[in-house]
Amino acid sequence: MAYDEHLADRMRGIIAALGGADEVKMMGGLCFMRDGRMSCGVIGERAMIRLGKDAAAEALKKPGVEQMEIGGGRIANAFVTLLPELVDDEAALSHWIARGVGFADALPPKVQRRR
């Protein structure tokens, strides 16, 4: 599945202002990683935001916010996807990206596994 390059470019600009992120293609889309932790991304035409389980459940009460489905019909409880009309303007997109980046930045450092 291809992802919306225009939305990805908009997200890149916002994330750059928040200190940047590494980009990784995964899950059929593009994910923005902060210190190895997923914060947000683009899947198809939708923005994907990592909020954590509790905040994601709360966000689902808002119009335009939906559960993120992963392979086999499973739900990613810590993530939501946003309908395109919800993030049409930069202020709205910035708000959601800042929430995802804030969540990822608050996680404990990743432990490197030995191979």
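This is a predicted model: local features need pLDDT of at least 70, side-chain atom pairs count only at pLDDT 80 or more; totals for chains, interfaces and linings use all residues.
1. Helix α1, geometry. Start with α1, which covers residues 5-17. Its 13 residues should span 18 Å at 1.5 Å a residue, and the end C-alpha atoms sit 19 Å apart, so the two agree. At the start of the helix, a side-chain oxygen of Asp4 comes to within 2.9 Å of the backbone nitrogen of His6. After the helix comes Gly19, with a positive phi near 105 degrees.

2. Buried here are Leu7, Ala8, Arg10, Met11, Ile14 and Ile15. Looking down the axis of α1, these buried residues fall within an arc of 160 degrees, so they line one face of the helix. They pack against the strands β2 (29-34), β3 (37-43) and β4 (46-50), and against α3 (90-106). His6, Ala16 and Ala17 are exposed on the other side of α1.

3. Helix α3. The N-terminal end is capped by Asp89, with a side-chain oxygen 3.1 Å from the backbone nitrogen of Ala91.

4. Val42, in strand β3. Its relative accessible area is 0%, so Val42 is buried. What does Val42 touch, leaving out residues up to four places away in sequence? The contacts are Tyr3, Asp4, Leu7, Ala8, Met11, Gly29 and Leu30.

5. Arg50, worth a look if you care about charges. Arg50 lies in strand β4 and is buried, yet has no salt bridge. Which side chain of opposite charge is nearest to Arg50? That is Asp105, 9.6 Å away. A polar atom of the Arg50 side chain does lie 3.2 Å from the backbone oxygen of Met38. Beyond four places in sequence, the residues Arg50 touches include Arg37, Phe79, Arg99 and Phe103.

6. Arg10, a buried arginine with a partner. Arg10 is found in helix α1 and counts as buried because its relative accessible area is 16%, below the 20% cut-off. Its contacts, not counting residues up to four places away in sequence, are Val87, Asp88, Asp89, Glu90 and Leu93. With Glu90, Arg10 forms a salt bridge, the closest N and O atoms being 2.6 Å apart. Glu90 lies in α3 and Arg10 in α1, so the pair ties together parts that are 80 residues apart in sequence. Glu90 is partly exposed, at 39% relative accessibility.

7. The whole structure has six salt bridges. In one of them, Arg12 pairs with Asp9, the closest N and O atoms being 2.4 Å apart. Both residues lie in α1, three residues apart, about one turn of the helix. Arg12 is partly exposed at 25% relative accessible area, and Asp9 is partly exposed at 46%. Arg12 also meets Glu23 in a salt bridge of 2.7 Å, N to O. That pair links distant parts of the chain, with Glu23 in strand β1 (residues 22-26) and Arg12 in α1, eleven residues apart. Through shared partners, salt bridges join Asp9, Arg12 and Glu23 into one network.

Note on methods:
Residues are numbered from 1 along each chain as its sequence is written. Side-chain values use heavy atoms; hydrogens and water are left out. Helices (H or I, at least four residues) and strands (E, at least two) are DSSP runs, numbered from the N terminus. The expected span of a helix is 1.5 Å times one less than its number of residues. Buried means under 20% relative accessible area, exposed over 50%, partly exposed in between (1.4 Å probe, protein chains only). The arc is that of the directions from the helix axis to the C-beta atoms. Contact means heavy atoms within 4.5 Å. A polar contact is a pair of N or O atoms within 3.5 Å; within protein, one must be able to donate a hydrogen and the other to accept it, and residues adjacent in sequence count only if both atoms are side-chain atoms. Lys and Arg count as positive and Asp and Glu as negative; His and the chain ends are not counted. A salt bridge is a side-chain nitrogen of Lys or Arg within 4 Å of a carboxyl oxygen of Asp or Glu.
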